[in-house]
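Here is a short tour for anyone who likes to know what sits where. Have a look at the model first, and then read on.

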Amino acid sequence: MNKFIKSIGSSVTAFAKEEEGAQVVEYALIIAVVSIGLVILLSTLLGSGTGGAFATFISRVQACLGTSTCV
C-alpha cells in the first residue's frame, strides 16, 4: 500500500511540474487578445453604426448561428 501511495505522489508531482498546459493557456490568451483587437479595429474602420458594413456582417453571422439557414 505504501508503494501505491508513493507512486501516486510522484505522479501528482510530475503533473504539477508539467509546463505544456501553461503554453496552451498562453497561446489561447494571445489569440483572444488578437481577436478582440481585430473586432475593435474592424468596427472602427468599417463603421459600427446601424448602417455600417461591420454591423451588417455581425447581424448576418448572428442570424446564421441562430437558425439553420444562412444567407
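Leu42 sits in helix 2, where helices are DSSP runs of H or I with at least four residues, numbered from the N terminus. Leu42 is partly exposed at 37% relative accessible area (buried is under 20%, exposed over 50%, partly exposed in between; 1.4 Å probe, protein chains only).

**The whole protein**

The pattern along the sequence is α-α-α, with three helices and zero strands. Of the 71 residues, 4% are buried.

**Confidence**

This is a predicted model, with local features needing pLDDT of at least 70 and side-chain atom pairs 80 or more, while totals for chains, interfaces and linings use all residues. Residues are numbered from 1 along each chain, and side-chain values use heavy atoms, without hydrogens and water.

The mean pLDDT (the predictor's confidence in each residue, 0 to 100) is 77.

Methods. Helix = DSSP H or I, 4+ residues; strand = E, 2+ residues; numbered from the N terminus.
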